[in-house]
Structures are given as C-alpha cells and as structure tokens.
Amino acid sequence: MSGEKILLAHGGGGRMTDELIRNVILSAFGNSTLNKLTDSAELQTNQNNICFTTDGFVVKPLFFNGGDIGKLSICGTINDLAVSGAKPIALSMSLIIEEGFEIEVLRQIMNSVAKTIKEENVKIVCGDTKVVEAGAADKLFITTSGIGLKLPKAKMGFERISAGDKIIVSGTLGDHGMTIMSHREGMKFETEIQSDCGSVAEICEKIIDSLGENIKFMRDPTRGGLAATLNEISNQTNYGIEIDENTIPVHPSTRAAADMLGFDILDIANEGKVVIVISAERADECLQICKQCKNGKDAAIIGQVIKTDEPIVELITKIGARRIVQMPSGRELPRIC
Amino acid sequence: MLERINRAYKQIARATTALGRRVNIMEVCGTHTVSIFRAGLRDAFPEGLKLLSGPGCPVCITDHGYIDTVIELADRDDCIIATYGDMIRVPGRKGSLEQRTSKGNIKVMLSAEDVLKLAKENPAKKIVFVAVGFETTAPATAVIVNEAHQQNIKNLFVFSNHKLVIPAIRALLSEVNNNIDAFLCPGHVSVIIGSDAYKPIVEEYKKPCVVAGFEPMQIIDGIAEICKQLADAAPAVSSVYPAAVSKHGNKTAQKIVDEVFDAADGYWRGLGVIKQSTLKLKDKFSSFDAEKQLNINCIPEEDLTGCRCGEVLCGLIDPPQCAMFTSQCTPDKPVGPCMVSSEGACAAWFKYGRRRRHRQ
Ligand code: SF4
Ligand code: SF4
C-alpha cells in the first residue's frame, strides 16, 4: 500500500473502509472483541466501580521526538484513568482522517498504538473511522475513550488533602510541551529534548497498592503544566502550596529551550507525569516506589501543602526568594528575540 | 551565591545612603523583567531599590498605525503577511491580526529565513514581512533583504519597524521628570551592539549602564555593580556578562545592518517620535520597501484606548496603577501591547506581580 493516499471513499463505509480497517487497524491491534466490529463492545466486570474517560488528540506535528499522536492518544487516556485510581482495561479509538493522508503514515501510527497498548496491557475494543475532505481536518485527529476498574484501595479527593501533605512529581517537567514547541520553532536542540509521552499507570497502581489512602490526590499535569494542577488543588482545598525550585526536576535541554523561547517550565504541558499529594509520613516511601517504576526514576518531593490566609501557590526560587505561581492564562507565544 | 546576594544588599544600602533616597534602576529589556519576576527578585530586594520596566520589547512599542497598516495589507488579496508570533495578538484600532487569520494569508514565521522561502514558494503573491525587533533581529532581516536582492526575488516586501535601543535610552533620559538612576542593559542586544555603545550615555547623562545576561545571579551582580557605581558616584559602562558581550559587539551583524538600513526618526508607542531610532531600508533596496512599493499610508497616532503603556514604559507608573490592569486588560484580552507579549511589563506583572500573603 506504499504511496497510497486516504481517499474520501475510505470513509464511505463500503469496501474501501472495510479494507482500511482490516489492513491498517485490525492488523495492528485487533483482538477477539474488536475483530467482531460490532456496534458496541460487551465487557465483563466484577464488583468494582468503573471509571470512564475520553479525550481528543490533535497534536502537530504527528511525530515528535519521544512519541507520536498514536502513542499520545493511548497514554493520555490511560493516564486519565490511572490518576483517578483506576486500572485501565479497555479503550475505544475514533479516527478522523483528512483525504489525501498517506496510508503508510497511518500504518506507522497504528503500529505505535499497537506497541503502546501491548506494553500497557490494555485492549482497544471498539472504534470508528471517518474520512473528511481535504482541508476539513488537519491530517489526523484521534479520540480515545477508556474505561478502568477502580482500585479497591484508592481513596482520593480534594477533601482528603490537609496541611502538611507532601507534593511529589514523577519526573522532569515540561518535556512534552517544549519538544512540540521547539519542533515548531525549528530549534537546534530539538533532537536533545524528548517528549515524556508515556504512561503513569504503573506508578499509580503501585503506590495505591502499597500506600492506599495515604495517597490523597493524583493528577497528570498536561495542558497548563504543574502551575495549573497546583493552583487547582489550592483553590479546591483552600490551602496554600509551597514548592521549592531547587527540588523540581527539569531536564537541562528542556530548561535551555524554555529559557530561549521565554517560557516558564511550570506552565508547560507534560504527557507522562503525575503529581501526587501524599501524607507526610509516607512520602519518602512513595518516592521510592515511584523511582522503581519505569517512568518514575526522576521522581522528587517538590513541596507541601500549607495553611495560608489565602489559597495560593508559592515558589521558593533558586536564589531563595519567593514568588507566586499563577494559573497560566492565555496562549503563550514565543518571544521575538 | 549567598555571598553575591549579600554583596548586592550591601551595595544597595550604600547607594541609598549616598543618594539619600530610593534607587531607581530601569531594566531596558523585557527578558530581564520576566527573569526578575520569575526568580522572585522583586520581593527579595530591600525597599530602597525600585526596578522599573523599560521599553525593551518590540511588541510593546509598536504603535497602532503600524498594526492598522499591517491589517489593511492582510485584507488585500494579493498579499501574504509574514510575522513573528507575538505580533498577531497586538491590538490596533481595528482589532488584531489574530482576528484575521482565518483568511489563511497570515503566516507565523519562526525565523527570517523562512520568509525568503515563503516568497519563493508563492511567486504570485506579495510577501510582506512584519519586521520588528531590536538590534537582535535586525541583522536577520538585513540578511534576507540582501539575499533577495542577489537572487532577484521580486515579491518580498519588508515593512520595517526595527528599533534601536540607544536612542530610546536617550529619549527616556531627556524627559525632564524621569526618575531613572541607571540602566540594566540587555544581554542579547549588547552581544550585537557591544558594551561601548552605551559609552555616550554614561558620558552625557552620568548614568551607570551595566550589561547583564538573564540569569538571576547575573541580574543580582548587575544590580550590585550599578549600586556600587552610584554609591561611589562613578558611573561607567560595565558588563557582568563578559563571556558573551565584547566591547565592540558583533561586527559582522553591525556591518550587514549598516549596508541595508539607515536610521530614521521613528514612532514608539507610548514614547512618541524618537530621533534616529528606527531602521528603514536604504534607497538601494527600496524595491523591497513595503512603505514605498505597496501604496500604504502608515499614520502613527497616539493611543486612543486610555491605555497607560507609555507611562509604564517610561518607568513613571507600575502597571497596577493603570485603571484597566486586570479589569479590562488581561493577557487573554489585552488592551495595550504591554499586556500582549509575555515580556511586556503589564503581562509580567499580571503573571508574577501579585504580592504574596503570609503563612498562618
Ligand atoms: S524581544 Fe528582545 S529586546 Fe525585547 S524584551 Fe525580548 S529579548 Fe529583550
Ligand atoms: S494594563 Fe493594559 S491598558 Fe494598562 S498600561 Fe498595561 S497594557 Fe496598557
């Protein structure tokens, strides 16, 4: 199929649609449930509560250092389930493809999806494919939904957070956002920065298994970065949060790119990180568990929840000064020079 | 580190004693402004030191007339607008470029070289380059004009609003009621122009000019150095960024700028007309000059919005003193350009300027 392009007919619902689905999608990650191509998938569950989530992915470029839109669309949905304390079990995937898109490229992306779900031990059990006219979409959009089973020991929520709790991040911040941005900016260190696009399911499951209700809250700091996540926690709980710049893990190349373009690392999106609020007594233990996980080796305790007269997030800077960390606002644009 | 911070504190104290009042230091460049806020320096320094945010962001000092003209060109079917990202959100009198992007003929450029490429790829269109920025971006514009000239490219038009820093510093100092004691000079710009460029300022106005990079510790060193000079009444040009900034700057960049541009009087939003402060294409390159070739009529005009950017840029008021700050004017809906660029004084205050409250 090399050189072949997506045609509107591929979305027509006829033979070409069928071929596309079988040759490109099912061949990558088919399974007994999905192969039936029924209108809805039937799943068996036990007594657990079910978590359900959905997300659309429109990343540009489709391939970036450290990942691609396929991997991203799987990890994004898995992470949404994982940070809610659920074990992901099944996903759906809906593709919106622009007419003219190269089938070989689609195949590469589907292979990446296949690899990711295999690693994460989840299945895609239903899906949908639409082809739209050239110009009506930008190459390829992917929407994934996912369901997961709530881990019995997971007891999380804003209301469980209290002063003294520690804040942990599972690794270096800002890598995904800066990879995408420097790709767009055509910057030289493009190749040195790598998106963190990946799953945090292992971390979340292990810490909940070991620490149960000591884990007060988890969130994956995607758009809006750490700044948005911490501000939300602070607003919802009415506590202040204090973090220490010296302890926040940042990859040097990511830092260099952010400095060059004038971005604040704390505002930058991550795609494979989790922010954990944990009771102080068990924080070190939690950190150790994170570090043993595949995507958590750079985890660090970066701050704590404190009582303040106003819910604000404060950063103790490298030089020991303090400043407020605001909710990011507006669209950030790179500076001119 | 602590030692350097202590040195700065000591020099600040000496300077306030010597002057018998608060010391006012202007950071000319927006990158300094953001870096100062981000590192928490504004709160960390003693009351006796006041940092003023200067006009050092090309977005902030771009006037309505220029934006309006670019928008007019964007509305023409024969033109493609090539611009750096920040410019698309700057409001003119009839809105911003961002509100016109749906026509698809406004292209955000990542570098000047891409403009040349765009011109080659679209021979039937007139490519208008929105050329803004200080000494740092002007050389890149000069290079593409030169190349376009050599390659006989006919559809590239440069609408130059490149600005020069030294004339702006001069203009600020000639304001009778300015309250600037010294300048923290921008690293990037100084790499190009060299530290000697500030010599005439020191000689004429007796104000210290210290070049610093954008690292917080360099800024602290720069402030210490400025205060030392003020305390000793020995204003000078110096650099705490010696690795990157030489006395004479980048000769190659200066040369190409000189070959392509002439300095002309130019309009700065908030500051008015400043003599010999704007780069315009030399006659030799007039076939690339958007103003001469595209039949446009760029009328600079004082801002009608009630925005107090001018006073902010001169260090006369802090952004919160503008009545629109955080009410009508926010980064999502900027009224004035100082709120648009992430380096604009108002945007920096908005993002970082909130004072912290105390722990319980
Ligand atoms: S655009 Fe250039 S001159 Fe302006 S604030 Fe940024 S670095 Fe400084
Ligand atoms: S707050 Fe807005 S309106 Fe006021 S000076 Fe700043 S940019 Fe202008």
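This is a predicted model: local features need pLDDT of at least 70, side-chain atom pairs count only at pLDDT 80 or more; totals for chains, interfaces and linings use all residues.

Me: Which residue does Asp196(B) pair with in a salt bridge?

Reply: With Lys199(B); the N to O distance between the two side chains is 3.9 Å. Lys199(B) is partly exposed as well, at 39%. Over in chain A, salt bridges with shared partners link Asp175(A), Asp196(A) and Lys273(A) into one network.

Me: How many salt bridges does the structure hold over all chains?

Reply: There are 36 of them over all chains. As background, side chains of opposite charge can pair when their charged atoms come close.

Me: What's the N to O distance for Lys130(A) and Asp128(A)?

Reply: 2.8 Å, in a salt bridge between their side chains. Lys130(A) has a relative accessibility of 41%, so it counts as partly exposed. Asp128(A) is partly exposed too, at 34%.

Me: And how far apart are the closest N and O atoms of Arg170(B) and Glu204(B)?

Reply: 2.9 Å, and that pair is a salt bridge. Arg170(B) sits in helix H7 (residues 165-174) of chain B and Glu204(B) in helix H9 (residues 199-205) of chain B, so the contact ties together parts that are 34 residues apart in sequence. Arg170(B) is partly exposed at 26% relative accessible area, and Glu204(B) is partly exposed at 48%.

Me: OK, switching to sheets. What's the strand order in the five-strand open sheet of chain B?

Reply: S2-S1-S8-S9-S10, with parallel pairing. Strand S2 (49-56) and strand S10 (237-239) of chain B are at the edges; each has a single partner strand, so one side of each has no neighbour in the sheet. On average, neighbouring strands there are turned by 25 degrees against each other, ignoring direction.

Me: How many bridges are there between S9 and S10 of chain B?

Reply: Three, in the parallel sense, with S9 of chain B covering residues 209-212. Within that pairing, Val211(B) is opposite Ser239(B) in S10(B).

Me: Which strands does helix H2 of chain B lie across?

Reply: Helix H2 (residues 30-38) lies across strand S1 (23-29), S2, strand S8 (182-186) and S9, all of chain B. The helix runs at about 120 degrees to S1(B).

Me: And chain A, what's the order in the seven-strand open sheet?

Reply: S8-S10-S7-S11-S9-S12-S13, and the pairing is mixed. Strand S8 (215-219) and strand S13 (322-325) of chain A are the edge strands, each pairing on one side only. The twist from one strand to the next averages 25 degrees.

Me: Do S7 and S11 of chain A run parallel or antiparallel?

Reply: Antiparallel, with four bridges joining strand S7 (residues 166-169) to strand S11 (residues 300-306) of chain A. In general, strands of a sheet pair through backbone hydrogen bonds, either parallel or antiparallel.

Me: New topic: is Ile233(A) buried or exposed?

Reply: Buried, at 1% relative accessible area. Ile233(A) is part of helix H7 (residues 225-237) of chain A.

Me: What is Ile233(A) in contact with, leaving aside neighbours within four places in sequence?

Reply: Phe158(A), Ile161(A), Phe217(A), Ile241(A) and Val277(A). As for Asp55(A), its C-alpha is 22 Å from that of Ile233(A), and the two are 178 residues apart in sequence.

Me: Where does Asp289(B) lie?

Reply: In the loop between strand S12 (272-281) and helix H12 (290-293) of chain B. Asp289(B) has 5% relative accessibility, and the cut-off for buried is under 20%, so Asp289(B) counts as buried. Not counting residues up to four places away in sequence, Asp289(B) touches Val158(B) and Leu281(B).

Notes: Residues are numbered from 1 along each chain as its sequence is written. Chains are lettered from A and ligands numbered from 1 in the order in which they are written. Side-chain values use heavy atoms; hydrogens and water are left out. Two strands pair if DSSP finds at least two bridges between them. Helices (H or I, at least four residues) and strands (E, at least two) are DSSP runs, numbered from the N terminus. Axes are lines fitted to C-alpha atoms, for helices over the stretch in contact, and angles run from 0 to 180 degrees between N-to-C directions. Contact means heavy atoms within 4.5 Å. A salt bridge is a side-chain nitrogen of Lys or Arg within 4 Å of a carboxyl oxygen of Asp or Glu. Buried means under 20% relative accessible area, exposed over 50%, partly exposed in between (1.4 Å probe, protein chains only).
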